[in-house]
Amino acid sequence: MGHVSDRDLVVYADGELAPTVAARVRAHVDKCRLCASRLDEVRGMAAGFGKEYREAVSPLLPNPGAARLSLQRQMASLEEQARPGVWPRLAASFAPARIRVGVVSLTVALLVVFGLYSISDRGGSYSTAEAGSEPVTRLTPGATVQVARAELCRNKSHASAVPLVLQQQVFARYGVVDPKPDAYEVDYLITPELGGATDIRNLWPEPYFNTAWNARVKDQLEDRLHQMVCSGELDLSTAQRDLAKDWIRAYRKYFRTEQPLSQPADSEKPDGDDDQEGRIAQTRAPADAVRGEDSVENAKRYRPNVQRLEDATVALPLLSPRT
Amino acid sequence: MPAEPATALTPEREVVELFDEMRDRLLRYLLCLGLSAHDGEEILQETFLQLFQHLRKGKSRQNLRGWLFRVARNLALRQRTITRSRQQSQIQFDENLFSGSGAGGMTPEDELHRRRRQSRLLAVVRALPEKDRSCLYLRAEGLRYREIAGILGIGLGSVAASLSRSMERLKRADS
């Protein structure tokens, strides 16, 4: 036979030639020095280029952690949209066309339900907590994605907007009809920065301003827990559990205060910023969403918090993670 | 949480495993097609979400790796309009591709030689038609001829011809 064609040679190099043809090529290459060296070249050239190319391009690739997390969250959200609610009757009322999917997501692990929690259970001394500050455990037990602590700490900002469709489902589940745009934040019970899932079981409509224990306050707690988890003071599962179980109690525990610390809208912050205070001051200003007459109301509501500031400045150095 | 049997992977788990295995290879390929890392990542999100839907619907699981390359490539080509910015990022990328630092202890002459060689190879790769380039890059990602043919939607013979053509050109530039 004549020399092996280029086509046959490259396919042969891949071990993809039909056995009979391959046997013929092998027999020829064994005898023909020219084709043997062509084969070496074919193999060497592809390998050499491949190696050089991978080494050159790989440093350009961003770390995959954030993309993986985002992918997991989007899958969980898609899964959730296709699944009937944990409470089918309720779910059916706002999602009549949902198709049943038999396989329950395994990457979205439902946290243990911590028993029924109602606000009155916390006793009279905490009467500042108003309805809505905490989710109904039955509706929002909390859900997490499986993610390593290191990953959460490497990529700080994971908070992504909750898809509007999902927000509407959350409102429907809580019986909130026609919510005002600034009244609620559909918030994660367990924040994604601590491994919380974008899942209806981990979301509830959290009021911004009609309670002292509002979304802004919870943001402070989340920042604090994230910091503690990443500095190794607290393990991730404890942080998740405390958030899911009773975030207000968790706030009191981790900030060592009975009342929420001062909001940044209060300008009466004393001097002597340490890192801790600086961080709190950076949380979103509640005033930015307050308009018109409401602001007077809100100003009154925030007033009591200022009184707690002295306590806070005493307590904070003890909690400072600078160790 | 009950332990799940290893045999029955959920679609989510399977997608995450494939993501971990394939993401770098796919993203490198998208960069080679001239996408920025940012655009490439967005296309990969879309690709893996499509894979998730594909698996959930119980569709064919044959050669999922090839499937991923094909979908990513189609999304990339759809998005890729020839704009200045794209060409800009392509050129930047090309330069990165061949300007990686050489082995340590090179003499200046060696280094010069290496750079000259690289710019020659770069010129060759740049001049290749998109399909030939794709063949070369996919091959460099370790894909077999048959898989490349499936991804690009061309015959096995065309892949072989394309690769031997490209290699011949590279060889000539390298001599």
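This is a predicted model: local features need pLDDT of at least 70, side-chain atom pairs count only at pLDDT 80 or more; totals for chains, interfaces and linings use all residues.
**Entry 1. Chain B overall**

I began with the secondary structure of chain B and found eight helices and zero strands. Read along the sequence, the pattern is α-α-α-α-α-α-α-α. I then looked up burial: of the 175 residues in chain B, 33% are buried. For contacts between residues at least 6 apart in sequence, I noted that 68% join residues at least 24 apart.

**Entry 2. Contact between the chains**

How many residues does each chain bring to the contact? I read 41 residues from chain B and 35 residues from chain A. On the chain B side, H1 (11-32), H2, H4 (84-98), H6 (130-140), H7 (145-152) and H8 (156-174) each supply at least two residues. H1(B) gives the most to that side, with 10 residues. By residue class, I have the chain B side down as 23 nonpolar, seven polar and 11 charged.

**Entry 3. Nonpolar core**

I looked up the largest nonpolar core, which has 85 residues. Leu243(A), Leu26(B), Leu30(B) and Ala72(B) have the most contacts inside this core. H1(B) gives the most to the core, with 10 residues.

I followed up Ala72(B). Setting aside neighbours within four places in sequence, I found Ala72(B) in contact with Leu26(B), Leu30(B), Ile43(B), Leu44(B) and Thr47(B).

**Entry 4. H2 of chain B**

I checked the length of H2(B), which has 20 residues. From first C-alpha to last, H2(B) reaches 28 Å, close to the 28 Å expected at 1.5 Å a residue. I listed the buried residues of this helix as Gly40(B), Glu41(B), Ile43(B), Leu44(B), Thr47(B), Phe48(B), Leu51(B) and Phe52(B).

Is Glu42(B) buried or partly exposed? Glu42(B) has 16 other C-beta atoms within 10 Å, so I put it down as partly exposed. Glu42(B) is found in H2 (residues 37-56). I also took the C-alpha separation of Glu42(B) and Ala76(B), which is 9.9 Å for a pair 34 residues apart along the chain.

Past the helix, I noted that H2(B) is followed by Gly58(B), with a positive phi near 70 degrees. In the loop between H2 and H3 I stopped at Asn63(B). Its phi is near 50 degrees, a positive value in a residue other than glycine. For context, most residues other than glycine have a negative phi. Asn63(B) is partly exposed, because 14 other C-beta atoms lie within 10 Å.

**Entry 5. H3 against H7 in chain B**

At what angle do the axes of H3(B) and H7(B) cross? I read roughly 35 degrees, with the axes of H3 (residues 64-79) and H7(B) coming within 8 Å. The crossing of H3(B) past H7(B) is right-handed. From H3(B), Gly66(B), Phe69(B), Arg70(B) and Arg73(B) meet Glu147(B), Gly150(B) and Ile151(B) of H7(B). I sorted the residues of this contact into two nonpolar, two polar and three charged.

**Entry 6. H8 of chain A**

I turned to H8 of chain A (residues 215-230) and tested its length. At 1.5 Å a residue its 16 residues should span 22 Å, and the end C-alpha atoms are 22 Å apart, so the two agree. The residues I found buried in H8(A) are Arg216(A), Val217(A), Lys218(A), Gln220(A), Leu221(A), Glu222(A), Arg224(A), Leu225(A), His226(A) and Val229(A). After H8(A) comes Gly232(A), whose phi is positive, near 85 degrees.

Why does Leu221(A) count as buried? It has 24 C-beta neighbours inside 10 Å, and 20 or more is the cut-off for a buried residue. Not counting residues up to four places away in sequence, I found that Leu221(A) touches Trp247(A), Ala250(A), Tyr251(A) and Tyr254(A). For Leu221(A) and Tyr254(A), I noted 33 residues of separation in sequence and 7.8 Å in space, C-alpha to C-alpha.

**Entry 7. Arg256 of chain A**

Where is Arg256(A) placed? I located it in the loop between H9 (236-255) and H10 (275-281) of chain A. Its phi is positive, about 50 degrees, although Arg256(A) is not a glycine. I counted Arg256(A) as partly exposed, because it has 14 C-beta neighbours inside 10 Å.

Methods. Residues are numbered from 1 along each chain as its sequence is written. Chains are lettered from A and ligands numbered from 1 in the order in which they are written. Helices (H or I, at least four residues) and strands (E, at least two) are DSSP runs, numbered from the N terminus. A residue is buried if 20 or more other C-beta atoms lie within 10 Å of its own, exposed if 12 or fewer, and partly exposed in between; C-beta atoms are placed from the backbone. Two residues are in contact if their C-beta atoms, placed from the backbone, lie within 7 Å. Ala, Val, Leu, Ile, Met, Phe, Trp, Tyr, Cys and Pro count as nonpolar, Asp, Glu, Lys and Arg as charged, and the others, Gly among them, as polar. A nonpolar core is a set of buried Ala, Val, Leu, Ile, Met, Phe, Trp, Tyr and Cys residues joined through C-beta atoms within 7 Å. Axes are lines fitted to C-alpha atoms, for helices over the stretch in contact, and angles run from 0 to 180 degrees between N-to-C directions. A crossing is left-handed if the near helix is turned anticlockwise from the far one by less than a right angle, and right-handed if clockwise. The expected span of a helix is 1.5 Å times one less than its number of residues.
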